[in-house]
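Thanks for coming, everyone. Please take a look at the chain on the screen before I start.

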Amino acid sequence: KKTGYINYRVVPCIQSQVKGTAMSKKIKVGIIGVGTIGSVHAEAYNKLEDAQLQALCDILPERLAEKAKKHNVSKTYATHQELLADPEIEAVSICTPNNMHAPLAIAAFQAGKHVMLEKPMTLNAELGRQICAARDQAGKQLQMGMVWRQTPEAEVVKEAVEAGRLGEIYHIRVKLIRRRGIPGLGGWFTTKALSGGGGLIDIAVHFLDLAMWTSGLWAPSRVSARTYSKFGSPMENYHYVSMWAGPPQYNGTFDVDDYATGMVRFGDKATMVFEVAWACNAKDECYIELLGDKGGVKVGMGDTNILTEVDNRIADIHLTYNNERDRFAAELGKFLAAIRGEGQVAATGEEGVVAMRLLDAIYKSSEMNREVEV
């Protein structure tokens, strides 16, 4: 056989930004919950030509006033009922703590609104199915907030998989490690009744979804997993450099996982191993790796190469793309396009339910200390 090493460069055409189509009638949207992620949605909507950010809603009056001024929004509501009663609003982004996702999404559909629902879908799969049922009854659009799908890197890898460049995907590795990355210590992020869980439901949901989306493997069948809680309690002993959604609330609660690991089976087709940490004594890492019988690829390392063979030689196909895209603007642009009937939502409710089923099974496997069905 021939030996040697070849480096190929392939340059896909990826647009750097989704701006939306100039429309005679803009879609009027409202945002429920204007904390950190709600503010990100507001900034993204304001970049889209076919969106009009109509109103904001938050239970904290000072934050509501601050964000309304920051994002140049004149209408504000203290309750979601008031916002949903506004007949001008056609669609809403729900950016609240996880325990409110299901009741707010269902209420929005009952009010005749389209729904952009931030991740995770809700607290468990059953509530996810109830959200989808409300969507179907209302005949409206539901898009899940899986923003990592909007990275050009993930898109070109998905295209490569669908084109058969990797062959049959038989194994996936997911690694998402933060050395010290517990968000909002003592607040709703670390309170199970409000969040549904810790690092697994907060950040792993992104990469578990991304792994299934890029590979096309949407039928997880069995899970053997373990979750741990090692760093968040006692909270006063947690040392960190920075904190998303901080500062810490030491009079609050930490009763969730900060580390999770395990293996997922997709019937007899493939396996997936994962390791996810809000906090652990290891260096930061962030990637998914797809192994196929024709090629393998990592997503999330910043330099994307398909490791394969070309002309009977070991070869790297280097994928080059424009990485300047605003992921949230791209995501919300697809939501608005789906509302106009000009495309599909970026992530469906049914896919959200699969992700929740997988999370439910991981937590159950850890609790029962054995492999369980998804």
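First, the ground rules. This is a predicted model, where local features need pLDDT of at least 70, side-chain atom pairs count only at pLDDT 80 or more, and totals for chains, interfaces and linings use all residues. Residues are numbered from 1 along each chain as its sequence is written, and side-chain values use heavy atoms, with hydrogens and water left out.

Now the helices. Helices here are DSSP runs of H or I, at least four residues, and strands are runs of E, at least two, numbered from the N terminus. Two packed helices are described by the angle between their axes and the distance between the axes. Axes are lines fitted to C-alpha atoms, for helices over the stretch in contact, and angles run from 0 to 180 degrees between N-to-C directions.

Start with α4, residues 101-110, and α5, residues 125-138. Their axes lie 9 Å apart, at an angle of about 10°. That makes α4 roughly parallel to α5; the label covers angles under 35 degrees, with over 145 roughly antiparallel, 65 to 115 roughly perpendicular and the rest oblique. Contact means heavy atoms within 4.5 Å. On the α4 side, the contact is made by H101, A102, A105, I106 and F109. On the α5 side, it includes L127, Q130 and I131.

Next pair: α6, residues 152-162, and α8. Their axes come within 8 Å and cross at roughly 40°. So α6 and α8 are oblique to each other. A154, E155, V157, K158 and V161 of α6 meet L210, W213, T214 and S215 of α8.

On to the cores. A nonpolar core is a set of buried Ala, Val, Leu, Ile, Met, Phe, Trp, Tyr and Cys residues joined through side-chain atoms within 4.5 Å. Buried means under 20% relative accessible area, exposed over 50%, partly exposed in between, with a 1.4 Å probe and protein chains only. The largest core has 83 residues. Among those with the most contacts inside it are I131 and F274. Helix α8, residues 199-215, gives the largest share, 11 residues. Apart from this core lies another, of 24 residues, including A42 and A68.

Last stop: Y321. Where is it? In the loop between β15 and α9. Y321 counts as buried, because its relative accessibility is 16%. The side chains of Y321 and T304 are joined by a polar contact of 2.9 Å. A polar contact is a pair of N or O atoms within 3.5 Å; within protein, one must be able to donate a hydrogen and the other to accept it, and residues adjacent in sequence count only if both atoms are side-chain atoms.
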